[in-house]
Amino acid sequence: MTKIYYHATPFENLESILEKGIRRGCDGVVYLTEKPEEAARFVAIRGHMKILVLGVELEEDMVSESFDHNYLFFKCNAYTYPEDIPANEITELISLKYER
């Protein structure tokens, strides 16, 4: 069964993502959440104000819950996906801008 998950990144990564897709980080996974605003929190906390949130439809059995964040601080569950996600599998692009 598939489910929509969300990944966020600084907006300036848009061109690279359209070319190469969503690439795993140095820890070998792609981080995801269940809602766009949840994913954006993980990028905003690092000081980025213009954020790109990407929706992807993935097989639920390939996604694992991640426990490397403080649930009480972020107010959401986070998940990991063990593979790069090709650009053609991105189902939604959302641009968010935060004000300081």
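**Charges**

I looked up the charges and found that the mean positions of the 11 positive and 18 negative charges of the chain are 9 Å apart. Lys and Arg count as positive and Asp and Glu as negative, while His and the chain ends are not counted. For the place of a charge I took NZ of Lys, CZ of Arg, CG of Asp or CD of Glu.

**What I am working with**

This is a predicted model, in which local features need pLDDT of at least 70 and side-chain atom pairs count only at pLDDT 80 or more, while totals for chains, interfaces and linings use all residues. Residues are numbered from 1 along each chain as its sequence is written, and side-chain values use heavy atoms, with hydrogens and water left out.

**Overall layout**

I noted three helices and six strands in the chain. Helices (H or I, at least four residues) and strands (E, at least two) are DSSP runs, numbered from the N terminus. Their pattern along the sequence is β-α-β-α-β-β-α-β-β.

I then checked the dimensions. The C-alpha trace spans about 40 × 35 × 25 Å along its principal axes. The radius of gyration is 13 Å, which agrees with the value near 13 Å for a compact globule of 100 residues. That radius is taken over C-alpha atoms, and the globule rule is 2.2 Å times the number of residues to the power 0.38.

**Surface and contacts**

The chain exposes about 6200 Å², and carbon and sulfur atoms supply 51% of this area. Accessible areas come from the Shrake-Rupley method with a 1.4 Å probe; for residues, only the protein chains shown count as cover.

Next I looked at contacts, meaning heavy atoms within 4.5 Å. Among those between residues at least 6 apart in sequence, 81% join residues at least 24 apart.

**The largest nonpolar core**

Which residues touch the most other members of the largest nonpolar core? I found Ile22, Leu32, Val56 and Leu58, out of 14 residues in this core. Strands E2 (30–32), E3 (50–59) and E5 (78–81) each give two or more residues to it, and E3 gives the most, with four. Another core, of nine residues, lies apart from it and has Ala39, Ala40, Val43 and Val53 among its members. A nonpolar core is a set of buried Ala, Val, Leu, Ile, Met, Phe, Trp, Tyr and Cys residues joined through side-chain atoms within 4.5 Å.

**Helix H2**

I counted seven buried residues among the nine of helix H2 (residues 36–44). They are Pro36, Glu38, Ala39, Ala40, Phe42, Val43 and Ala44. These pack against strand E1 (2–10), E3, helix H3 (71–74), E5 and strand E6 (90–97).

Leaving aside neighbours within four places in sequence, I listed the contacts of Ile22, including His7, Leu54, Val56 and Ile90.

Leu54 is in strand E3. Is Leu54 buried or exposed? Leu54 is buried, because its relative accessible area is 0%. Not counting residues up to four places away in sequence, Leu54 touches Ile17, Ile22 and Leu93, among others.

Leu32 lies in strand E2 and is buried, with a relative accessible area of 2%. Leu32 and Ile90 are 58 residues apart along the chain, and their C-alpha atoms are separated by 13 Å.

Notes. Buried < 20%, exposed > 50% of the residue type's maximum accessible area, 1.4 Å probe, protein only.
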